[in-house]
Amino acid sequence: MSAAAASSIGAANTALVKDPKLQLKTFNGLRTNTCYSSTYSILLDKRITPFSSSVSPAVVRAVSTPVKKEASVETKRSKVEIFKEQSNYIRYPLNEELLTDAPNINEAATQLIKFHGSYQQYDRDERGARSYSFMLRTKNPCGKVSNQLYLAMDDLADQFGIGTLRLTTRQTFQLHGVIKKDLKTVMSTIIRNMGSTLGACGDLNRNVLAPPAPLVRKDYLFAQETADNIAALLTPQSGFYYDMWVDGEQFMTAEPPEVVKARNDNSHGTNFPDSAEPIYGTQFLPRKFKVAVTVPTDNSVDLFTNDIGVVVVSDDNGEPQGFNIYVGGGMGRTHRMETTFPRLAEPLGYVPKEDILYAVKAIVVTQRENGRRDDRRYSRMKYLIDSWGIDKFRTVVEQYYGKNFEPSRELPEWEFKSHLGWNEQGDGRLFCGLHVDNGRVKGITKKTLREIIEKYNLNVRITANQNIVLCDIRPSWKRPITVALAQGGLLPPTYVDPLNITAMACPALPLCPLAITEAERGIPDLLKRVRGVFEKVGLPYNESIVVRVTGCPNGCARPYMAELGLVGDGPNSYQIWLGGTPAQTSLARAFMNKVKIQDLEKVFEPLFYSWRLKRKSKESFGDFTNRMGFTKLEEIVGKWEGVPKSSSRYYLKLFTDKETYEAVDALARIENKSAHQLAIEVIRNFAASQQNGKSQ
């Protein structure tokens with residue numbers, strides 16, 4: 001190990017553990033000849049147990065204090081850990097690779113550029129030599145996007161991208177198709193327009209989620225302020241990002257004093273003293289780390305899928321008092337490896353509001369010190385908690401926090417809130433949430449949004465469901481904006497198929513290197529097929545389920561929380577997951593494997609037909625599948641012989657007679673649509689034309 005690397009470790013204070021049976025493991029990330037215990041290979045309940053559960057007496061060693069290597073042991077670390085160690089805080093060899101004439105960068109640089117907010121990709125639809133490009137992802141705590149930044153991103157998409165912007169499931173932009181020679185221009189433009197891509201990818205804290213609604217309410221404002229502060233607390237400090245893209249010029253805004261104080265505090269051995277990265281050190285975290293903040297009832301952020309979930313707790317007068325904290329959520333898994341799995345976050349405890357930054361920091365440091373660094377498939381914090389159990393995890397976190405967690409406060413039931421449509425902000429202005437299919441802003445939609453946002457000087461927010469919210473709208477602007485949106489095909493949510501409102505898909509093919517099959521490009525047709533099956537089995541148009549599709553098992557669109565999740569497991573093939581709920585509070589389970597895309601109706605029809613016939617009052621599809629159990633559902637699918645003829649409906653609300661239905665149905669089939677879909681489109685177009693006529 002180099003002297004520079006050694007100096008970054010420093011020495012920290014030794015802290016006594018209140019539980020004498022527990023000893024924290026020392027951080028060994030920079031050393032090259034100690035190894036993880038052989039207990040990593042032990043299986044427990046079909047899950048890997050990657051952390052030793054043995055206990056030792058006496059003290060907790062300071063978290064950044066190196067220990068003597070054991071002569072008989074050799075370190076086993078992933079290749080990425082070595083890249084980080086040798087990078088001089090995420091600089092080398094990326095800084096050199098960006099200067100070469102090659103269209104791509106080498107393996108080490110490919111890993112490091114993730115910390116800067118970019119992935120190297122190539123078009124997998126093309127044959128022959130690879131056509132390399134880069135995807136850039138912004139970092140927008142709470143999904144907040146200023147007017148200036150939105151317009152800059154819109155311009156960059158046209159000038160240097162593929163002409164589209166993508167709204168992500170973590171409230172950020174993705175800009176695809178940037179070639180290597182344009183990276184610095186694009187990155188510096190984002191920075192100079194008060195944006196950032198720092199930490200949008202890589203082994204550190206990612207974008208911090210919060211409800212996107214710009215409501216002037218104490219709890220919502222406090223949740224968003226807290227999300228901003230957590231994002232600032234966990235932002236890298238060593239300057240590598242600005243060195244790389246703006247030649248060291250700093251564009252960071254002033255931080256709240258409480259953030260600076262919490263970051264610098266080392267009273268419980270959390271920091272690397274005298275290090276350029278006091279929280280992260282040279283090795284950063286074992287894997288990505290995700291945080292979400294919300295208020296009671298509002299689960300627009302998929303709270304339980306995050307490493308840390310934070311919920312504002314207020315008193316009877318609506319004054320925020322503190323936070324419930326949940327830990328250990330995560331979606332990623334690997335096919336055919338039962339030792340990898342999605343997991344929901346579970347309660348850790350309650351902290352008063354002034355302690356939230358210290359509690360979050362303590363959790364992050366616990367993962368930093370104990371998260372697995374030899375096999376990245378098991379490096380997320382969910383595996384640490386699954387191995388240790390929540391009680392041991394809580395005890396360790398409390399040593400870094402310096403206090404005991406209080407019992408979690410009781411909360412009301414959760415619900416998914418889309419924040420779509422026109423709503424009052426509470427300050428005399430309005431906001432308008434707009435549905436964007438799969439978050440892909442393109443064509444007339446892109447042009448329309450640009451014109452409205454530019455004309456009215458609007459700020460926007462991105463939702464965790466890949467939609468967009470226009471903020472701070474004067475009431476007098478509502479009518480002209482509504483007309484302009486309708487002309488651009490951006491209709492009120494009441495005119496959008498309910499299936500589309502809650503559906504999500506990851507980008508997958510052609511640019512994602514991990515994709516096994518289609519997701520974004522395939523979901524429009526898939527949702528039409530689901531709606532067609534609904535009609536066939538007699539389910540009404542206002543009925544809906546949560547459908548999510550990913551091209552691989554990594555779970556970017558959170559399919560393991562869906563009522564119907566489709567996870568790519570082969571070319572034109574999906575694994576089917578069932579059992580999530582509309583409020584996003586239950587984990588789905590794998591129901592069937594290797595279902596070819598052309599055979600999906602053979603599974604959908606018996607499931608949806610049984611749901612219509614056997615559901616309890618207002619029972620969601622996810623709750624129904626959980627109540628029935630997979631054994632019974634498998635039996636139903638296996639014996640399916642088709643929908644009985646008597647179950648067909650003609651939707652009398654739209655079709656007053658059978659002849660009209662059949663005529664519309666014949667026209668719809670020409671366009672590969674259902675009769676109901678075609679009728680709704682006609683009604684939508686008529687409504688839009690009427691609005692346009694009134695405005696002229």
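Reader: Which residues are linked with Asp-154 in a network of salt bridges?

Author: A salt bridge is a side-chain nitrogen of Lys or Arg within 4 Å of a carboxyl oxygen of Asp or Glu. Here, Asp-154, Asp-155, Asp-158, Lys-446, Arg-450 and Glu-454 are linked in such a network. The model is predicted: local features need pLDDT of at least 70, side-chain atom pairs count only at pLDDT 80 or more, and totals for chains, interfaces and linings use all residues. Residues are numbered from 1 along each chain as its sequence is written, and side-chain values use heavy atoms, with hydrogens and water left out.

Reader: How many salt bridges does the structure hold?

Author: The structure holds 43 salt bridges. In one of these, Glu-543 and Arg-615 meet through their side chains (2.8 Å, N to O). This pair links distant parts of the chain, 72 residues apart.

Reader: Is Glu-543 buried or exposed?

Author: Buried means under 20% relative accessible area, exposed over 50%, and partly exposed in between (1.4 Å probe, protein chains only). Glu-543, at 16% relative accessibility, therefore counts as buried, whereas Arg-615 is partly exposed, with a relative accessible area of 23%.

Reader: Why is helix H11 largely enclosed by the rest of the structure?

Author: Helices (H or I, at least four residues) and strands (E, at least two) are DSSP runs, numbered from the N terminus. Helix H11 spans residues 381-388 and is largely enclosed because seven of its eight residues are buried. Among them are Tyr-383 and Trp-388. What covers the buried residues includes strand S10 and helix H12, where contact means heavy atoms within 4.5 Å.
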